[in-house]
Amino acid sequence: MKSLKWRTFVIFVSVFLTALSGTFFFVYRVVSEDLEKLAVESASYEIETAVRGLDNELEGLRNTFYVVDFSKQIISELQKPKSEIDYQMVLSYLEEVLSFSDNVYSIYLQDIRNNVYLSTETMSAHAGNTGWFGKYRRESDGPLKLTETLDITSSYNQMISYIGEMKVDFFGETVAWLSVNMLRHDMQQLIIEDKLYEDSIQYISDEDGNVIAKTGNLREEIYEAVGEGTENRTFISCDGKEYLYLVGMTRRGCSYTKLIPKQEMFSGIRQVGWILVTCFLFFCAVILLVTYKLLDYLTKPIYELSDKIRHYRRDEGNRVEFKTDRTDEFAYLFKSLEDMTEHIDYLIDELYQRDLYKKEMQLKLYRASINPHFIFNILDSIIWTLKFKDYEKVETTLTRFSDFFRASLTQNQDYVSIADTRLWLTSYCYLASFLKDDNISLRMEVDSGLDDMRIPSLLIQPVIENSFKYAFKGNRPGEVMVQIQEKEGYLYFTISDNGSGISEEEQERLCAAMEIYDIHKSTKHFGLASVYQRLKLLYGKDAGFSFTSVLGEGTQIMFRIKV
């Protein structure tokens, strides 16, 4: 008996730890997935911000280019004879445009006809060989191109430039080459400083894949590992490390790329995991301690009651008093047991004196045993339905179960009407058939005028239950028929099915068992035996009962009662 507390403790702790562990891993998985998504979304937002900044810079370059490119004043000036061209006026105009362009460092212009080069960087106009303009003319396949150049005059400053032709009109001749430039180190300032992931790698590349700005830790092997066709938000491997690849494209074809080390990016998730583990262990320790104390408090009076009951049963001559110093619900339990033992002594005396009282008690015991027997089957069917998640079927089943319960309220009476019995049987058979995948149907035939007649409650149900349980094993289809007829002062009940039936030898054993059945010794064959014994107790010789069955064809049970 002392092991009750420990068995309960072990079972509770096992179930609790299993459920809590499952919950912990589920929570950790959900939290880690959400944090990973949040980290990726945050990094992607930074890329979008950088791309917008890059787009703004390139848009400024492009707009400045078109302001000069569409200048009728410059085009008309360059179409004059060389001696009449005012190059200082052109330079002044270019300088004025430059003053309104914050992101533009310089503007170069080459008069093609006269081979004169103008630069706002030196504010000079001179004839000379401008090789990089010539190189661009040989390689260009379009009127406007973003490219990387060196300053013509000093060959020192690296610049990002929009280069193109200045034409008289759309179909006219080219009068000049134009280059609008931004210092490359200004482009470098567009690289966002990453204070969260210090080892992240960032770079900006043009539409041809040339890197025009980067962080200092970009190595050639890492750049090559990215390759063409790498999808955004995927992981790539290089030098034994995994990097999250994020890229954003500008409207002008440039791309802003960021590579974040996976280990560094998700390090916070591991810290969250350790916090959860610590909380889990602490919570388990607290629960174990509280559970032990609670079980000790609850089981102590149970041990006291067990000890007193053992002495009560052994020492029949000395009466044991059920008293306690507790003031909680157990005090009421002790008092109830005291009253119960007094009542038990009284009942034992009565049972010895009156044999008829014993028969009445046996009848009540039979009836009390039928109700839970059926209810447990119904609850089991509902549980299995829920496991298959057929919620529509569950709703219908619960509705029928509710109807059955309402009908069962009348079954607690000694006698019920045939109409109530029909309603009750219809609800029951629907529920029982549901267990058999709705393969079994019920047919009832009741003589007219019998609905108000009253019969003993729960008289037909055990027989119907046996049909569902034994006649239609597995998912075998079939039919159960119930007939109620009145003849010559008797009510005749016939319950038949077209199920599997039973052999003659089994029929003989069953009939013999019903004759000597005692519920205190065995519950085998309870269904038919309970009906048979109740008929004998209630109607004596006026009751009739017959049982026939053919193996493979079905079973028929008939009984009668006096009206």
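Predicted model: local features only at pLDDT ≥ 70, side-chain atom pairs only at ≥ 80, totals over all residues.
User: How far apart in space are Glu96 and Thr120, C-alpha to C-alpha?

Analyst: Along the sequence, Glu96 and Thr120 are 24 residues apart. In space, their C-alpha separation is 10.0 Å.

User: What share of the contacts with a separation of 6 or more comes from residues 24 or more positions apart?

Analyst: The protein chain has 15 helices and 18 strands. Of its 563 residues, 40% are buried. Contact means heavy atoms within 4.5 Å. Among contacts with a separation of 6 or more, the share from residues 24 or more positions apart is 62%.

User: How far apart are the end C-alpha atoms of residues 272-295?

Analyst: An unreviewed UniProt entry annotates residues 6-28 and 272-295 as "transmembrane region". UniProt positions follow the numbering used here, feature names are shortened, and annotations may be inferred rather than shown by experiment. In the model, residues 272-295 are 100% helix and 0% strand. The end C-alpha atoms of that span are separated by 34 Å.

User: Which orientation do α12 and α13 have relative to each other?

Analyst: Axes are lines fitted to C-alpha atoms, for helices over the stretch in contact, and angles run from 0 to 180 degrees between N-to-C directions. The axes of α12 (residues 418-434) and α13 (residues 461-471) come within 11 Å and cross at roughly 20°. Angles under 35 degrees count as roughly parallel, over 145 as roughly antiparallel, 65 to 115 as roughly perpendicular, and the rest as oblique. The pair α12 and α13 is therefore roughly parallel.

User: Which handedness does the crossing of α12 and α13 have?

Analyst: A left-handed crossing has the near helix turned anticlockwise from the far one by less than a right angle; clockwise gives a right-handed one. The crossing of α12 and α13 is right-handed.

User: How many of the eleven residues of α13 are buried?

Analyst: The buried set is Gln461, Pro462, Val463, Ile464, Glu465, Asn466, Ser467, Phe468 and Ala471. Helix α13 is therefore largely enclosed by the rest of the structure, with a buried count of nine.

User: Which residues does Ser467 contact, leaving aside neighbours within four places in sequence?

Analyst: Ser467 sits in α13. Its relative accessibility is 6%, so Ser467 counts as buried. Beyond four places in sequence, its contacts are Phe472, Val480 and Asp497.

User: What is the C-alpha separation of Thr494 and Gln483?

Analyst: Thr494 belongs to strand β16 and is buried, with a relative accessible area of 6%. Not counting residues up to four places away, Thr494 touches Met481, Val482, Gln483, Gln556, Ile557 and Met558. Gln483 is eleven residues away along the chain, yet the C-alpha separation is 5.1 Å.

User: What is the phi of Glu488?

Analyst: Most residues other than glycine have a negative phi. Glu488 lies in the loop between β15 (478-487) and β16 (490-497), and at 78% relative accessibility it counts as exposed. Although not a glycine, Glu488 has a positive phi of about 50°.

User: And what phi does Asn115 have?

Analyst: Asn115 is in the loop between β1 (106-111) and β2 (116-119). At 35% relative accessibility, Asn115 counts as partly exposed. Asn115 is not a glycine, and its phi is positive, at about 55°.

How values were computed
Residues numbered from 1 in each chain as written. Heavy atoms only, no water. Helix = DSSP H or I, 4+ residues; strand = E, 2+ residues; numbered from the N terminus. Buried < 20%, exposed > 50% of the residue type's maximum accessible area, 1.4 Å probe, protein only.
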